[in-house]
Each structure stands twice: as structure tokens, then as C-alpha cells.
Amino acid sequence: MGSTKFFVTLCVVPLLASSFCSAQLSATFYASTCPNLQTIVRNAMTGAVNGQPRLAASILRLFFHDCFVNGCDGSILLDDTATFTGEKNANPNRNSARGFEVIDTIKTRVEAACNATVSCADILALAARDGVVLLGGPSWTVPLGRRDARTASQSAANSQIPSPASSLATLISMFSAKGLSAGEMTALSGGHTIGFARCTTFRNRIYNDTNIDASFATTRRASCPASGGDATLAPLDGTQTRFDNNYYTNLVARRGLLHSDQELFNGGSQDALVRTYSTNGATFARDFAAAMVKMGNISPLTGRNGEIRRNCRVVN
């Protein structure tokens, strides 16, 4: 508690002087107020991922889609109501964002241990890390202290989350808008080493792109017809339940599933880094972990901004 008090004191003085305080997230934010938080999250994620490994990818994607829309503020978790439009039905999320029930389960357990203390935004940040670890990926220390948004933006979700059809220039630009470099974008794209994509997201790639391995295209066409079957799933990298560097090996072999994946290795600025990651899994793991921390620092609500939601699906 001492460190938390110390920070608050530091923060109040500038507030009086300039009505602005650049708040800092801290790995020990809940050390005294919810000491078992990380164990609760890890145990719940272990149960969820053991039951359905795909959930690790689903929750990693939720965190990405949360952070890219007005910062890592838990806004993606809010349900639509008659009087509130959330982000769940934005184009990048509709019929594809999943794992919300896992976050609900964790939130219920956390509330039982330390009620009205831990934000949904922080729970999502921890769950995303734990999912990666549980599938054999790197770990990292998650800075904490985010608060939950009382608002959401379907329009921002529609315009600020990169699409599977994005070009390399678009990807670099959209990540740059969030303070992330081209190299960090390439490392974070490696999250596609786990999970699945729907046929509708890669149909154009397997039927129309020319920078694709012919046998790979043929294999994917077998379960993704030129029309229909939109929801049919295909693994993003072939070792979809193991967090490894196979994603990059596939890119070098022109076996990226999404157009936006293969853009990272198509004669452009990221080719050298993709080659490095394809042969050096440790370098990828290190860079991915560092980029996840940086993405998790995008515009958090702190201090008295936002709230600590009691139910992740609705504002208090």
C-alpha cells in the first residue's frame, strides 16, 4: 500500500498545479489490495485453455482489439443495450470476438476475493498474458492500474483495428497511430501463431493472391469454398495450439493465411525481421513480450478516470 500511497501523493500535487497527471501503471498496483489476483487469473485461464486451447488466442485478440480502440480500457467487454452501443458488433468483432465468458468467470472470482478493486481492463491484460504462457509462449510482467471505460466506440472499432486485407503500408500506419513501430507491429502479428481465422477473412487470399504457395492454397480451398462457408475455421499457422515462431516460417514459405500476414514478407521493409524470427524463436519471444507491454500501455484510464466495473459487461 505504501507504494500506492506514494504515487497518489505525487499525482495530486501536479493536479492542483496544472489539472493534468500522467499516471503510471505499476506491476505492484494490487499488491496489498488484491494480493492473490495473479493466481486467481492464472488458475481460471488454466482451466479455460486446458478445456479449449483456442481461448488463449481469443483472449489475446480481445486485448488487442481493446487497446486499439481508445486505449486498454475494457471497452470491448461492454454489451450493447437499448441505450448503449458497444464495440462487440463492430465489423472486426461481430461473429468473431469471443472469450467474454472467461473474463466473466475471472471477474466473478476476483470480486469474491477483493470486491470493487480490480478493473476488467487489468483482468483482460493479465488473461492475455497467461493464455500465451499456457500455450508455451513467453511471459512478461504486466503493469497494472488501468481503470474501466464508461464509454465505447463502435465507429473507432470499425476504423482503427487493422483488417485482414490490410497492406503493409496500412499496417505500419495504423500501428504507428498507436505509438507502435513497424518492428513492434511485426512482432505483435506473431500472435497469429495461435488460434484460427474464419473463411471469410482469407477467402480472397487463397483464391486471388499470387504470392501464395500453391499447395497451401489448394489445401485451404478444400474447406473454404469460393462462396458460402464463411464461418469455417482454418488454423492461422498450423501449430495453432502452440505459441512458437512457426508463423514466420510459414510467411517465408508464402503460407501466410491472411493477406495482412503475408504482407509482412512480400519484398518490403519487414522481410529481414520476418526471416530473423523464422530462425530465432527466442528473439521473437523476447520482442513479442516487450511489444505486448508497450501495447498494454496505450492510453490507460488511471487515477479517478473511468471506474472499477462490478460486471465487465455493463457500466456501474
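The model is predicted.

**Cores.** I looked up the largest nonpolar core first, and it holds 71 residues. Leu37, Phe63, Ile106, Val110, Phe288 and Met295 touch the most other members. I then checked which element gives the largest share of this core: helix α3 (residues 54-67), with 9 residues. Another core lies apart from it and has 12 residues, including Ala197, Ala217, Cys224 and Leu258.

**Leu37.** I listed what Leu37 touches, not counting residues up to four places away in sequence. The list is Tyr30, Val110, Val118, Leu126 and Leu144.

**Helices α2 and α4.** I took α2 (residues 37-51) and α4 (residues 100-113) as a pair. They pack at an angle of about 150°, and their axes are 10 Å apart. Angles over 145 degrees count as roughly antiparallel, so α2 is roughly antiparallel to α4. The crossing of α2 past α4 is right-handed. From α2, the contact uses Leu37, Ile40, Val41, Asn43, Ala44, Met45 and Ala48. From α4, it uses Val102, Ile106, Arg109, Val110 and Ala113. Sorted by class, I have 10 nonpolar, 1 polar and 1 charged residues in this contact.

**Gly306.** I found Gly306 in the segment after α14 (281-296). Is Gly306 buried or exposed? Its relative accessible area is 10%, and the cut-off for buried is under 20%, so Gly306 is buried. I also compared Gly306 with Ala149: they are 157 residues apart in sequence, yet 5.0 Å apart in space, C-alpha to C-alpha. Leaving aside neighbours within four places in sequence, Gly306 is in contact with Arg147, Asp148, Arg150 and Leu301.

How values were computed
Residues are numbered from 1 along each chain as its sequence is written. This is a predicted model: local features need pLDDT of at least 70, side-chain atom pairs count only at pLDDT 80 or more; totals for chains, interfaces and linings use all residues. Side-chain values use heavy atoms; hydrogens and water are left out. A nonpolar core is a set of buried Ala, Val, Leu, Ile, Met, Phe, Trp, Tyr and Cys residues joined through side-chain atoms within 4.5 Å. Buried means under 20% relative accessible area, exposed over 50%, partly exposed in between (1.4 Å probe, protein chains only). Helices (H or I, at least four residues) and strands (E, at least two) are DSSP runs, numbered from the N terminus. Contact means heavy atoms within 4.5 Å. Axes are lines fitted to C-alpha atoms, for helices over the stretch in contact, and angles run from 0 to 180 degrees between N-to-C directions. Angles under 35 degrees count as roughly parallel, over 145 as roughly antiparallel, 65 to 115 as roughly perpendicular and the rest as oblique. A crossing is left-handed if the near helix is turned anticlockwise from the far one by less than a right angle, and right-handed if clockwise. Ala, Val, Leu, Ile, Met, Phe, Trp, Tyr, Cys and Pro count as nonpolar, Asp, Glu, Lys and Arg as charged, and the others, Gly among them, as polar.
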